[in-house]
Amino acid sequence: MLKSTAGGGGIGLCRCNSSEELAAAFARVQQQGQAYFQHAGVFLERCVEGARHLEVQIVGDGLGQVVALGERDCSLQRRHQKVVEETPAPGLSAATRERLCQAAIHLGQWVQYRSVGTVEFIYEPATEAFYFLEVNSRLQVEHTLTEAVTGLDLVALMLQIAAGQCPDLTALPQPSGVALEVRLYAEDPLHDFAPMAGTLSQVCFPERPWLRVDGWVEAGSQISSHYDPLLAKLIVQGADRPEALRRLSQALDECQLEGLITNQPYLRALLDWAPMVAGQYHTTSLAQFSYQPPVIAVVQPGTFTSVQDYPGRVGYWAIGVPPSGPMDDRSFRLANALVGNAPDAAGLECTLQGPVLRFYQDSVIAICGGLCQPTLDGQPIAVHGPVLVTAGQTLDLGTVTAGCRSYLAVRGGLATPEYLGSPCHLRPGASWG
């Protein structure tokens with residue numbers, strides 16, 4: 001491995017499988033280090049296969065006394081950026097855990113470390129060997145995990161030490177239980193995790209005694225394209241890992257973030273992934289994670305396509321909002337009945353020219369209303385009857401040749417936020433769950 005001495009976030013990192021690749025990459029890594037960090041220094045290190053990224057939280061008084069507050073596993077990464085973190089690291093033997101913490105303590109003692117910090121390691125499961133990576137002499141994004149399992153306020157502890165009022169470090173509580181953290185981003189997993197900008201129309205986080213939410217957003221928050229798209233961190237604590245995983249899944253299910261595409265469903269699906277459940281993953285594992293989101297992507301919106309339900313938005317004449325809903329509610333309800341939905345399940349009303357939609361999960365659909373000639377991957381399909389759509393297929397509702405409006409129902413309905421008692425609204429160029 002070639003690594004820029006000043007690198008971070010995967011910049012200036014290059015694996016070389018031969019001496020020829022090493023010679024070709026050396027100057028390039030130097031140039032990256034100079035361009036990004038104004039430093040052209042390069043490390044040459046052994047490449048660790050199936051590596052895990054572990055880090056130990058330490059506290060030092062500056063006089064040689066250093067304690068460790070357990071380790072964290074930050075191996076689930078995408079583009080060298082952490083996605084899920086947990087403590088303690090799953091699958092470590094007691095002996096390895098002890099050696100890891102002692103190595104961090106000895107390093108802190110050697111430099112007479114003063115403050116809270118993190119010693120990071122690369123761990124090789126096959127040999128149970130670990131290698132020094134770096135020291136972060138600051139708070140980590142995932143410091144909340146250590147706070148969750150110790151009950152400490154690490155920020156307050158840093159201030160105490162800086163003020164010369166360091167408490168007895170040997171009396172600090174040791175970690176107990178399990179904590180996990182995920183990072184909620186305004187990004188689109190369907191389009192290579194492209195960052196999303198815009199306005200959050202609805203923000204609601206659950207309130208649970210075992211859940212901590214570190215975030216800054218609320219309904220109406222403007223998300224800019226000029227900054228990191230991190231919206232919030234969800235941190236849960238449990239007596240053991242299965243309980244912590246269940247609680248984190250529940251927290252993600254109960255979060256409501258509307259107005260922008262986020263990685264919330266991606267994170268939720270990740271928690272059900274077998275390597276995650278088993279705690280057997282490494283820094284490149286996410287490359288093997290096959291994500292099939294429960295969404296329908298709008299490839300082309302059509303002339304005028306809206307989300308409707310039955311009976312629609314009613315009862316608001318007093319404040320100047322007229323009744324609304326499907327123009328042909330009989331056809332709308334028939335489409336829902338054909339796929340086994342309740343009559344009030346949300347569906348699409350398509351005017352004249354229907355949309356082009358891509359399905360990311362297997363679905364059952366029905367098309368009713370005005371006469372049209374829909375196609376699935378270019379092949380004609382029947383109307384007024386249930387049709388099976390497989391993940392990856394594209395539906396083109398085509399043009400209404402008799403009548404004015406066609407209706408599309410999807411088994412299970414469309415998950416869209418309500419406004420004034422109804423999900424009736426326009427969603428051009430969006431994705432529906």
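Let's start with contacts. Among contacts in the chain with a separation of 6 or more, 68% join residues 24 or more positions apart. This is a predicted model. The chain has 433 residues, and 46% of them are buried. Its secondary structure comes to eight helices and 29 strands. Along the principal axes, the C-alpha trace spans about 85 × 55 × 40 Å.

Now the largest pocket. Its volume is about 1,500 Å³. Closest to its centre, out of 47 lining residues, are Leu13, His53, Gln77, His80 and Leu133. Which elements give two or more residues to the lining? They are β1, at 2-4, β5, at 66-78, β6, at 81-87, β7, at 114-124, β8, at 129-136, and β9, at 178-185. The largest share comes from β8, with five residues. By class, the lining splits into 17 nonpolar, 16 polar and 14 charged residues.

Stay with His80 for a moment. His80 sits in the loop between β5 and β6. Glu134 is 54 residues from His80 along the chain, and their C-alpha atoms are 15 Å apart.

Next, helix α1. It covers residues 19-37, so 19 residues by the DSSP run. From first C-alpha to last, α1 reaches 26 Å, close to the 27 Å expected at 1.5 Å a residue. Yet α1 has a kink of about 35°, centred on Ala25. Ala25 is also buried, as are Val29 and Gly33. An α-helix has 3.6 residues a turn, so residues three or four places apart point the same way. And what do the buried residues of α1 pack against? They pack against β1, β2, at 13-14, and β3, at 42-44. β1 also gives residues to the pocket lining.

Most residues other than glycine have a negative phi, and most peptide bonds are trans. Here are some exceptions. Asp192 has a positive phi, near 55°. Phe193 has one too, near 60°. Asp192 lies in the loop between β10, at 187-188, and β11, at 194-195, and Phe193 is found in that loop as well. Their accessibility classes, though, are opposite. Asp192 counts as exposed, because its relative accessibility is 56%. Phe193 counts as buried, because its value is 12%.

On to the cis peptide bonds. One joins Thr87 and Pro88, with omega about -5°. Pro88 is in the loop between β6 and α2, the helix at 94-110. Another joins Tyr310 and Pro311, with omega about 5°. Pro311 is in the loop between β19, at 304-308, and α8, at 329-338.

Last stop, Leu388. Leu388 lies in strand β25, residues 387-389. Leu388 counts as exposed, because its relative accessibility is 57%. Which residues does Leu388 touch, not counting those up to four places away in sequence? Ser363, Val364, Leu376 and Gln393. Asp362 is 26 residues from Leu388 along the chain, and their C-alpha atoms are separated by 7.5 Å.

Note on methods: Residues numbered from 1 in each chain as written. Predicted model: local features only at pLDDT ≥ 70, side-chain atom pairs only at ≥ 80, totals over all residues. Heavy atoms only, no water. 1 Å grid on protein atoms, 1.4 Å probe; cavity = no way out; pocket = protein on both sides within 12 Å on 5 of 7 lines; lining within 4 Å. Points joined across faces, edges and corners; volume = space filled by probe spheres on them. Helix = DSSP H or I, 4+ residues; strand = E, 2+ residues; numbered from the N terminus. Nonpolar A, V, L, I, M, F, W, Y, C, P; charged D, E, K, R; others polar. Expected span 1.5 Å × (residues − 1). Bend = angle between axes of the 7 residues up to and from the residue. Buried < 20%, exposed > 50% of the residue type's maximum accessible area, 1.4 Å probe, protein only. Contact = heavy atoms within 4.5 Å.
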